[in-house]
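Hi,

Here is the structure I promised to pass on.

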Amino acid sequence: MNRKKLLNARSIEITLNRLAQQLIENHGDFKNTVIIGLQSRGIHVMHQLVGILESSGVKDLAHGTLDITFFRDDFRRRDAPLQPSMTKIDVLLEGKKVVFVDDVLFTGRSVRSAMDAIQSFGRPSEIELLVLIDRRFSRELPIQPDYVGRQVDSLDGDRVSVEWQGPEAKENAVYLEIGEHE
Amino acid sequence: MSELSVDHLLGIKYLQAEDIKLIFQTAQQFKEVINRPIKKVPSLRDITVANLFFENSTRTRLSFELAEKRLSADVVNFSAASSSVSKGETLIDTVNNILSMKVDMVVMRHPKPGAAYFLSQHVDSTIINAGDGAHEHPTQALLDSFSIQEKLGEVKGKKIVIVGDILHSRVALSNILCLQKLGAEVEVCGPSTLIPKHIGSLGVRVSHDLQKSLEWCDVANMLRVQHERQDLKYFPSIREYAQRYGIDRALLESLKSKIVVMHPGPINRGVEISTDVADSDQSIILNQVENGVAIRMAVLYLLAAKRKISFQN
């Protein structure tokens with residue numbers, strides 16, 4: 001499989017910093033905003049962003065994690081993942097501005113499920129979507145991001161993977177894996 | 001493992017340790033769900049569940065019904081007292097009639113051991129055993145072990161004593177099997193008339209001395225004295241039973257270590273367990289009830305996942 005590096009650690013850092021500045025532009029002191037990372041891959045992006053925002057002077061930034069397993073639209077249809085991850089939202093979202101954070105936006109189905117799931121915590125006044133990678137032309141639902149790290153044009157059989165430094169990867173990086181297609 | 005190895009929940013006997021762990025992991029997340037401001041998820045919105053109770057039940061039935069509704073399933077209820085069973089209809093006829101109404105899953109409690117297994121062999125529907133005679137009550141055992149895990153961190157290596165009427169108890173058998181699969185040590189304690197003769201063959205310790213058992217254990221699961229199943233006298237009087245096999249504050253405080261006290265309910269206050277013990281911080285009785293809903297949601301969800309939707313006729 002042909003594997004191409006799209007972003008290295010340095011460019012991810014620059015991109016995240018830009019995204020954080022765009023958030024500050026729109027949300028000011030974040031008093032009425034809650035940042036929600038989507039399980040499981042969006043959590044890393046969310047924590048990095050929260051770190052940058054806090055070091056830029058944002059105080060008491062409300063944030064949490066949301067798991068969408070029980071709200072998926074492919075339950076009982078194929079081998080959909082069953083095992084849920086942790087949802088941790090300690091604030092009521094009624095009337096709040098919510099920003100969903102995910103690593104890769106592909107078909108848009110996870111985001112649809114997330115919009116459904118988030119209603120269990122109250123009715124947000126608005127929901128925005130921030131993604132590190134937007135795979136253009138692959139949407140199956142009418143969903144578009146408000147903040148985009150990098151746009152990627154890829155075909156159906158391809159895979160975009162975001163790796164975070166840890167036991168499984170040496171450094172932060174985004175790869176495009178070219179799959180087999182006609 | 002991300003899928004159960006079984007298509008029905010007939011008894012703990014048929015489960016592997018991995019299945020139990022998967023149910024616990026899923027229940028953990030459902031516990032978070034039922035503490036949200038809006039306590040409902042849409043997973044089972046295209047599933048219809050029939051609750052067939054051929055024997056009385058309050059909490060198991062409520063707990064299942066709540067679990068089903070929290071998962072957005074459609075629910076039909078049936079109880080033997082108000083049904084055609086009292087007109088002489090056989091079990092299989094009753095159930096086939098209900099299944100003709102396109103029911104996907106059946107939760108059944110029945111006075112005869114093996115009724116759930118029998119049903120699973122004859123109808124095309126997912127069966128969950130909610131108690132079959134004195135045989136098994138798998139969801140109760142799962143929620144008991146889950147509550148122990150929650151309180152003590154893990155079940156493996158823990159010492160659990162099950163006290164009371166082991167002979168008539170489906171909770172006892174399911175609990176023994178479940179705890180052993182998770183790596184706990186189990187002892188049963190009660191008057192010799194209420195301990196089955198060959199229980200030792202299950203690999204459990206047997207005791208008739210409550211004080212000694214409590215000194216040994218980390219957790220005491222106090223079973224209810226089942227007056228309704230006892231066709232003859234197994235002990236001289238309730239008072240004598242309470243004195244020898246009931247827990248009260250004084251007994252609990254005389255122990256060297258602080259043990260956890262459980263009860264599957266409904267409690268005969270002052271018989272198995274005194275009021276001050278039932279309401280103390282060592283008792284996890286109400287946690288068991290809350291965990292019961294989460295465990296049943298996990299079981300329903302994981303079994304429903306095995307019924308793939310087919311869009312072909």
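In chain B, 22 residues of domain 1 are in contact with 23 residues of domain 2, where contact means that the C-beta atoms of two residues, placed from the backbone, lie within 7 Å. Before I go on: this is a predicted model, so local features need pLDDT of at least 70 and side-chain atom pairs count only at pLDDT 80 or more, while totals for chains, interfaces and linings use all residues. Residues are numbered from 1 along each chain as its sequence is written, and chains are lettered from A and ligands numbered from 1 in the order in which they are written.

Back to the domains of chain B. Domain 1 covers 12-136 + 290-304 and domain 2 covers 138-288; these bounds come from an automatic or database domain assignment. Their centres, taken over C-alpha atoms, are 25 Å apart. On the domain 1 side of the contact, H1, strand E4 (126-132) and H11 of chain B each supply at least two residues, and H11(B) gives the largest share, six residues. (Helices, H or I with at least four residues, and strands, E with at least two, are DSSP runs numbered from the N terminus.)

H1 of chain B (residues 17-33) also meets H5 of chain B (residues 138-152): their axes come within 11 Å and cross at roughly 65°. Axes here are lines fitted to C-alpha atoms, for helices over the stretch in contact, with angles from 0 to 180 degrees between N-to-C directions. H1(B) and H5(B) are therefore roughly perpendicular, the word used for 65 to 115 degrees. The contact is made by Ile20(B), Ile23(B), Phe24(B) and Ala27(B) from H1(B), and by Leu142(B), Phe146(B) and Gln149(B) from H5(B).

Which helix turns up again where the two chains touch? The contact takes 19 residues from chain B and 17 residues from chain A. H1(B) supplies the largest share of the chain B side, five residues.

Chain A has an open sheet of five strands, ordered E3-E2-E4-E5-E6, with parallel pairing; strands pair if DSSP finds at least two bridges between them. Its edge strands are E3 (62-66) and E6 (147-153) of chain A, each pairing on one side only. Six bridges join E5(A) (residues 126-136) to E6(A), and Arg136(A) has Asp153(A) in E6(A) as its bridge partner. H1 of chain A (residues 9-27) packs on this sheet, touching E2, E4, E5 and E6 of chain A.

Cheers

Notes: Angles under 35 degrees count as roughly parallel, over 145 as roughly antiparallel, 65 to 115 as roughly perpendicular and the rest as oblique.
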